[in-house]
Each structure stands twice: as C-alpha cells, then as structure tokens.
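Here is a short report on a protein structure, written for a reader who likes to check geometry by eye. Please keep the viewer open as you read along.

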2 protein chains.
Amino acid sequence: MNNSSKNQHISRQFDDELENVLSEVLAMGGLVEQQLVNALKSLIDGDINLAKEVIDTEVEVNTYEVKIDQECTNILARRQPAASDLRLVTAVSKTITDLERVGDEAQKIAKRGQDLTEKHSGPRSYYISIKSMGNLVSSMLHDALDSFARMDSKSAFDVANKEPESDDQYSAILRQLITYMMEDARNISGALDAVWVVRALERIGDHARNICEYVIYLVEGKDVRHISLEQIEKEIINK
Amino acid sequence: MNNSSKNQHISRQFDDELENVLSEVLAMGGLVEQQLVNALKSLIDGDINLAKEVIDTEVEVNTYEVKIDQECTNILARRQPAASDLRLVTAVSKTITDLERVGDEAQKIAKRGQDLTEKHSGPRSYYISIKSMGNLVSSMLHDALDSFARMDSKSAFDVANKEPESDDQYSAILRQLITYMMEDARNISGALDAVWVVRALERIGDHARNICEYVIYLVEGKDVRHISLEQIEKEIINK
C-alpha cells in the first residue's frame, strides 16, 4: 500500500467513525423526542403506564450519552481532527448533554402527570394551553434535530427564532394557573404540578435553541451562544 | 536545538496553556460563586442595587465561557493531548457549561428577589429556610470548585454526597410555601416567586454535583454521571 492510499484508507475510516457518531446522536435524539411526545400524551390522557414507560427510558438515554461521549474522546485521542471535524466533535459532545437534559425534563413531565392523574381531580381547562405549548416545543426539538442532521444553519436559526413564542405561551399559562390557584386554595397543590410541567416545557425549548446554536457554530464556525437573534440573523444567516 | 529539548519546549508550552485554561476556569468559578452569594444577599436584604449588579455580571460570565471553550478547541486542534490531558480538556469544557448555568440561576434568584422586594409585602418566615438552603448550596459550589482546583476525587465525592441533603431542604421549603399560599390567596403570587428561588437553588446543587462528577472522571478516568452515590463510593473512591 503506498502512502497516499494508506492516507485515504485512514481518512475513510475516520469519516466512517464520524458518520457513526452522527447517526448515534440522531438515534438518541429520536428516542428523546419520542420520550417528550409520550410524556405529553401520558399527561393529557392520564395514562399512568405510558408515564412509567417514559420514566424507564432514562436508562437508555443515559447509555447513549456516556457511549457517544466516550466515542468523541476516542476520536480526539486517536486522530487529530482538522478544524471543521473538530467543531463537529465539540458540537456532538454539547448536543448530547442537552438531549440528556431534555430526557430528564420529559421524565419530570411524566412524573407530574402521574401525580396529577392520581392525586388531583377538578377541572383542567389549562390542559389545552399545555398541549398547545407542548406541540410547539416538540416541533422545535424535532426541527432542531432535523437541522442538525442536515447541517443547515438557516433552518437552525428559524427554530431558535421560535423561542420567544414559547416564552410567551409559558408566561400566559403561568398567569392562567395563578388565577386558578387564587380561585380556590384546594387547586394550589395540583396547579403547582402543572407549573412544573410548563417550566419543563420552557426548558426543553431552551435546549432546542442550544442545539440550534451548536449547528450554527458547526456550519458557520461562529460561537453564537450569547448573541441576540437579531445579531445572528444580520451577521451570520443573511451575511 | 536538539529534538529532545525541542520536545521539552513544546510540552512546556502545552503545560503552560493547560495551566492557563485551568486558572481561567477557576476565575470564572470565583465570579459565579460571588454572583450566587450576592444574589442571596440581595434577596434576603431586599437590596435592589446588589441584585442589579448580579444581573449585570452575566456578560462577564458569558465572555469567560466562550473564551475558555475557544481555548479548549485551540488546544485540541494544535496538540494531540494524551489521555489524561484530553480528559482535562473535556472536563473543562463541560464544567464551564455548568458554571454558566449556575450564573443564569443566580441571575434568576436576583430577579425574583427584585420582584419580591418591589411587589410583595407580608411575612417572610420562609426566608430563614431559603437562607439555610442557600448557604448549603453555596458551600457545595465552593467545595466543588475547590476539589476541581486540587483535582481531588475524594473531596469531589463528599460534595456530591451532600446533594440529597439539599433535595430534602428543597422539598421542605416547598411544603412550607404551599401552606403559606393556602393560608391566604394574596400570598400566592409572592410565594411563587419564592418557589422559583428554591428551584434555582436546587438546580445549582445539581450543577455543583455535575462538576464533582467531572473531577472524578478527570482523576479516576471513569464516567460516573449516571451511577449511584453508593456505587461511586464502593467502586471508585474506596477501591
């Protein structure tokens, strides 16, 4: 084997390793996405078994996180990735931390759903708003992962751009829940469970935005974590 | 210059770079620690100006995060760190993410403190419990950073071991706040601000524990993120 074909061979192996890590990130993302959808369904339908399933998925998500992180470290140790590949490894390592936290939040939603189903009765008019915010946040997570898969910084920006909408829904539901608590002190404990649910959804929106920021970093080579949406749009997306 | 002294020169430079990154992490940690202490003080004393100072520190914390992450990427791109140095870079990159989030939570405490001072009057017997939990969590963060500075996995474990205590305090204060809300509907809005404060404290405890887990990973070479405290103690600390 001459040197050039040997190098090609190594680089091919390296590409395979990166491809493999990427497909694992997307598999982990798919799992977490499903966890969120099921958590919301278990809450709305009062389905205790589905909630249990969501909670049990934690082990699988954690295993992905540790395994992918280990693979990233191996790649860094054995290869000396060039700038863009290095950004990919960094983006992967940060993305899986956010995905694991989304899984945690989905688990919390499922647990609060169990509590609401088992311990609290009474009207739940606020479920409609939670469902609507849940749909928004789920679609943000889905689209964030999609922009990651396609390494598309423009669509990543579009997802990040939806965060203010999710923040608005969050504040509106909180106001609704406070009113509900004030109407009758017996609503307080149950409404607080609902408060934690919307809080978890709000955090998932944050994580989806974080993932989008890593995609922009990966594609554009710019760290945009603490830059306003207007500035990202002006300087990076429409440059 | 012969090859050996050239290698020594390179390795010396490399050590200097790592030292530099480490001291920046500790400087960032010190800043965030102060942010937390000031946030709690601003809440308890009703000090609006101090709260504003905490909120304004965000920019400085963010700058540290982006700068240190960039330095980690540079080190990975220009050197090929051996296993233990590579673990150091990974641990640094993850630690600063947690530190930045601690800063965010401190900021939230300061903001809620402003709201409590400006909008809500009434008895605040729960402030004593919040202060106590605040002290516990501040000391956890301080000791976590200390174990990082000394790369001491045993003391890192001791800090992680305090998390259940912080969780207990968290649940106790929540119960106290729910009772307070039930007593008088006019307490609800203010008590909810207090709920967010204890929630932020609980999360800071989580982040302190995360940092301890990176220290154990760094020193012992084992990823302990999803392993129980008992197992860590048995298999790693007292091995």
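Chain A has 9 helices and 0 strands, and its pattern along the sequence reads α-α-α-α-α-α-α-α-α. Please keep in mind that this is a predicted model. Along the principal axes, the C-alpha atoms of chain A fill a box of roughly 80 × 40 × 20 Å. Chain A has 239 residues, of which 54% count as buried. If we take the contacts in chain A between residues at least 6 apart in sequence, 80% of them join residues at least 24 apart.

**Where the chains meet**

**Aromatic rings**

The whole structure holds 5 aromatic pairs over all chains. One of them is formed by Trp196(A) and Trp196(B), with ring centres 5.7 Å apart and planes at 85°, so this pair is edge-to-face. It crosses between chains, joining helix α8 (residues 188-220) of chain A to helix α8 (residues 188-220) of chain B. Both Trp196(A) and Trp196(B) are buried.

Charges accompany these rings. The charged end of Arg199(A) sits over the ring of Trp196(B), 4.9 Å from its centre, while Arg199(B) lies over the face of Trp196(A), at 4.9 Å from the ring centre.

Within chain B, Tyr126(B) and Tyr127(B) form an edge-to-face aromatic pair, at 5.4 Å centre to centre with 70° between the planes. Tyr126(B) is buried at 3% relative accessibility, and Tyr127(B) is buried at 9%. In chain A, one aromatic cluster is made of Tyr126(A), Tyr127(A) and Tyr180(A).

**Salt bridges**

A search over all chains finds 46 salt bridges. The table lists some of them.

| Salt bridge | N to O distance |
|---|---|
| Arg225(A) and Asp69(B) | 3.0 Å |
| Glu17(A) and Arg78(A) | 3.3 Å |
| Lys119(A) and Asp115(A) | 3.6 Å |
| Glu24(B) and Lys67(B) | 2.3 Å |

Glu24(B) lies in helix α1 (residues 3-45) of chain B and Lys67(B) in helix α3 of chain B, so their pair ties together parts that are 43 residues apart in sequence. Is Glu24(B) buried or exposed? At 12% relative accessibility, Glu24(B) counts as buried, whereas Lys67(B) is partly exposed at 39%.

Lys119(A) and Asp115(A) both lie in helix α4 (residues 83-119) of chain A, 4 residues apart, about one turn of the helix. Lys119(A) is exposed, with 58% relative accessibility, and Asp115(A) is partly exposed, with 22%.

Finally, a network of salt bridges links Glu105(A), Lys108(A), Arg203(A), Glu105(B), Lys108(B) and Arg203(B).

How values were computed. Residues numbered from 1 in each chain as written. Chains lettered and ligands numbered in written order. Predicted model: local features only at pLDDT ≥ 70, side-chain atom pairs only at ≥ 80, totals over all residues. Heavy atoms only, no water. Phe/Tyr/Trp six-rings, centres within 6.5 Å; stacked < 30°, edge-to-face > 60°. Helix = DSSP H or I, 4+ residues; strand = E, 2+ residues; numbered from the N terminus. Buried < 20%, exposed > 50% of the residue type's maximum accessible area, 1.4 Å probe, protein only. Lys NZ or Arg CZ within 6 Å of the ring centre and 35° of its normal. Salt bridge = Lys/Arg side-chain N within 4 Å of Asp/Glu carboxyl O. Contact = heavy atoms within 4.5 Å.
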